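Me: Let's go through this structure in short questions and answers. Please show it to start.

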Amino acid sequence: MIRHRLLLLAIVGSSIASDLSTLPSLLKKISADVFPDFKGISQDIYAHPETSTQEFHAHDSVVDYFTKTNPGLWEVTPHAYGQPTAFALDFIHKPASFSGSKDDIPVVGFMAEYDALLGIGHACGHNHILLNGLAAASMARQALIDFDIPGRIRLIGTPDEENTGGKGRLQDAGAFDGVDVWMMAHPTSTNAVQPMQGRVDAQANFVGNTHADAIKTAYEALVLITDLAGSLPGTASTATPVEDVGMFTINVVAQQILFGIAGLSLQDVNTAVTGLLDNTYVGVNYTIAETEEVEKGVTLTIDGPGGHASEGNKSPLRLSIETFRKLTANDKGVSFFLPGNTTVTELDITVSVRTRYTMDLDSVLQAVDSAISPKAKQITTDRPYPALEVITSLGDRFLSLMHDADHGSQANFNYSAIAPAATDAGFVQDAQLDPQTKQLLSVGKAVFHPNFGICENVPGAPCGFNHEPAFEVTAGTEYSYGRTEIVARALTQISVELLDDSGFMREATKLVRR
């Protein structure tokens, strides 16, 4: 009798999943219909890059499309949750046979980013994140209708990923409430399902009685920051400085550094720099010239490929730091200046502090602060980005799709333990880990954030890592748009399966705190 009652309860509490065997072919048909319009929006966004919080053209392009060009498909909320350049799209499908309330209908969310980088446009490929979100959400919408599956879809346009964490503000405003699963995908140079770093930026201000004093103090601090490499606490921790001069962007390694030396001949400076510039400075070169800005002045113009502040590459700034170190060790009478800025008596440095686990951010930041605080007038920090962890149930399904023929038989798409950069999607996930084992214990939301390669493997094709100018070229290629279409179909299939299969949804959300 007890066994019979348990069986009845199991039957009542279960749902029978639909036959989704034709879903892959259906999504290809839907994609052929909807993807071209969204690709056009993405290409327009690429051609009109806007930096964090200034994405008005991107916002208006999406809102106008769904309210004017193709209205009636979604409930559209412009300027969502108090953010001028955020938007929200909502859709619900309730079959005639569905007897439950709206609250009983399962829901999946997508996130879309669209901010660019100062001076190098969409060198992080966020035009593709917008495209992925629009395409996946729209394909999922149509699939729910065609299969008559009860489900809700939310798409949140999330501005300001690069600088001050737009998703953090949206999280504070309740944008992600009521939805336990959120998905997005980020273009990069390689394929991987992997964690993302924790990040905090420290802004240090250095002041001197004279211009030369200020530059000397700031560069002494830069030497100290450089020497922290390999000794920072935590896992895979780094502290990368960015000189806040001219057209700079936090978390982007400058392509060009101007550095002035006074009191030495051009030949002496050139000899010193030549001795430092070895093959570990990939793509870095310099020119040298005498200047009349200061007495016996020599100006170095150091150029390099730029890049992401998460990388460990030796940059133009690093060469200027090592030049400072070498010249001050050999000649105490030398002084330094910033070409074109010889009257300023202070210099700001942003230090991008990164580590694998959120719990280690404070100790890494403390190590940086302890090293440079005796020289800094003040040090302030921005809002830390939490690390993002991998939800394996979603990762397993995504990789199985990437490996099948419908998605390109991508055998090189696998898990990676490397956390290559940071993302403000960590605010949404809000992961809690065991302090000793680092095991994932719980999350605020089940966030899935695969990274996918958009570099075409043919001779001469542009390729670089995110935040390098070469990646901006990559993000505009036809090949890159094709890659985004494939990934969008995979995320769409996962979303439909989640909405249709309550067992899969339970597994994906089992760590979500209720």
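Me: At roughly what angle do the axes of helix H10 and helix H13 cross?
Reply: This is a predicted model. H10 covers residues 392-402 and H13 covers residues 478-500. Their axes come within 10 Å, and the crossing angle is roughly 130 degrees.

Me: Are H10 and H13 parallel, perpendicular or oblique to each other?
Reply: The axes cross at roughly 130 degrees. Roughly perpendicular ends at 115 degrees, and roughly antiparallel needs over 145. The pair is therefore oblique.

Me: Is the crossing of H10 and H13 left-handed or right-handed?
Reply: Take the two helices whose axes come within 10 Å. H10 passes H13 in a crossing that is right-handed.

Me: How many residues in the contact of H10 with H13 are nonpolar?
Reply: H10 brings Leu394, Arg397, Phe398, Leu401 and Met402. H13 meets them with Ile486, Val487, Ala490, Leu491, Gln493, Ile494, Glu497 and Leu498. Of these residues, 2 are charged and 1 is polar; the nonpolar count is 10.

Me: What is the radius of gyration of the chain?
Reply: The chain has 14 helices and 20 strands. Its C-alpha atoms fill a box of roughly 90 × 50 × 45 Å along the principal axes. A compact globule of 514 residues would come near 24 Å, and the chain agrees with that, at 26 Å.

Me: What percentage of contacts between residues at least 6 apart in sequence join residues at least 24 apart?
Reply: Buried residues make up 55% of the chain. Among contacts between residues at least 6 apart in sequence, the share joining residues at least 24 apart is 79%.

Methods
Residues are numbered from 1 along each chain as its sequence is written. This is a predicted model: local features need pLDDT of at least 70, side-chain atom pairs count only at pLDDT 80 or more; totals for chains, interfaces and linings use all residues. Side-chain values use heavy atoms; hydrogens and water are left out. Axes are lines fitted to C-alpha atoms, for helices over the stretch in contact, and angles run from 0 to 180 degrees between N-to-C directions. Helices (H or I, at least four residues) and strands (E, at least two) are DSSP runs, numbered from the N terminus. Angles under 35 degrees count as roughly parallel, over 145 as roughly antiparallel, 65 to 115 as roughly perpendicular and the rest as oblique. A crossing is left-handed if the near helix is turned anticlockwise from the far one by less than a right angle, and right-handed if clockwise. Contact means heavy atoms within 4.5 Å. Ala, Val, Leu, Ile, Met, Phe, Trp, Tyr, Cys and Pro count as nonpolar, Asp, Glu, Lys and Arg as charged, and the others, Gly among them, as polar. The radius of gyration is taken over C-alpha atoms; the globule rule is 2.2 Å times the number of residues to the power 0.38. Buried means under 20% relative accessible area, exposed over 50%, partly exposed in between (1.4 Å probe, protein chains only).
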